[in-house]
Amino acid sequence: DKWFELAMYTLPAVVTGGVAYIMIQKFVNLDTNRRKFQLLRENQKQALPIRLQAYERMALFLERINPVKLMIRVAPLSSDKTDYMNLLIQNIEQEFEHNITQQIYLSDACWMMISNAKNAIIQNLRNVAADTELTDADQYRMKVLSSLFESESATQLALEFLKSELSDFF
């Protein structure tokens with residue numbers, strides 16, 4: 001009889017304690033999630049300008065390595081086509097090395113697209129230089145420019161990808 005009476009007093013206390021424990025756990029979890037969300041939002045608010053700047057720099061990089069603009073900016077130092085090709089490639093590589101740290105702010109797909117564009121331009125410059133009919137840097141320049149009209153520029157494709165990825169931010 002006393003055990004039954006003890007159970008009758010203990011059972012409501014255990015149920016009340018269990019409900020209180022569950023409610024406190026839910027409150028703590030909710031508060032923790034809210035704090036994580038606020039911290040994430042604050043980090044994103046601070047990181048967004050840096051990421052936008054990285055996208056701007058990579059857009060500038062793609063514009064600077066565009067062969068048309070590159071050849072306007074970098075004049076041949078001699079009439080040798082191989083020397084001019086090496087000078088153009090050196091300028092592309094310097095631009096790339098200058099902006100290589102921006103990859104931490106870009107997606108892997110975007111960085112790969114930019115890297116592929118750079119490599120495609122260098123490969124195109126080498127392929128045109130391999131043409132034995134070209135004898136000097138001026139002919140080389142004309143041939144590079146005419147080869148660009150035959151296909152869509154790798155820099156243009158990468159720039160379009162960059163813009164489409166950037167539009168996801170807004």
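Select K118, which lies in helix α4 (residues 108-129); helices here are DSSP runs of H or I with at least four residues, numbered from the N terminus. This is a predicted model, in which local features need pLDDT of at least 70 and side-chain atom pairs count only at pLDDT 80 or more, while totals for chains, interfaces and linings use all residues. Residues are numbered from 1 along each chain as its sequence is written, and side-chain values use heavy atoms, with hydrogens and water left out.

K118 has a relative accessible area of 6%, so it is buried (under 20%, with a 1.4 Å probe and protein chains only). Leaving aside residues up to four places away in sequence, K118 touches F61, I65, I92, E93 and F96; contact means heavy atoms within 4.5 Å.

Next, select helix α1 (residues 2-65) and helix α3 (residues 81-99), which pack at about 175° with axes 10 Å apart. Axes are lines fitted to C-alpha atoms over the stretch in contact, and angles run from 0 to 180 degrees between N-to-C directions. The two helices are therefore roughly antiparallel (over 145 degrees). On α1, show R57, M58, F61, R64 and I65; on α3, show I92, E95, F96, H98 and N99, which complete the contact.

Finally, go to helix α6 (residues 154-167). Its buried residues are T155, A158, L159, L162 and E165. They cover an arc of only 125° around the axis, which puts them on the same side of α6; the arc is that of the directions from the helix axis to the C-beta atoms.

Terms used:
Buried means under 20% relative accessible area, exposed over 50%, partly exposed in between (1.4 Å probe, protein chains only). Angles under 35 degrees count as roughly parallel, over 145 as roughly antiparallel, 65 to 115 as roughly perpendicular and the rest as oblique. The expected span of a helix is 1.5 Å times one less than its number of residues.
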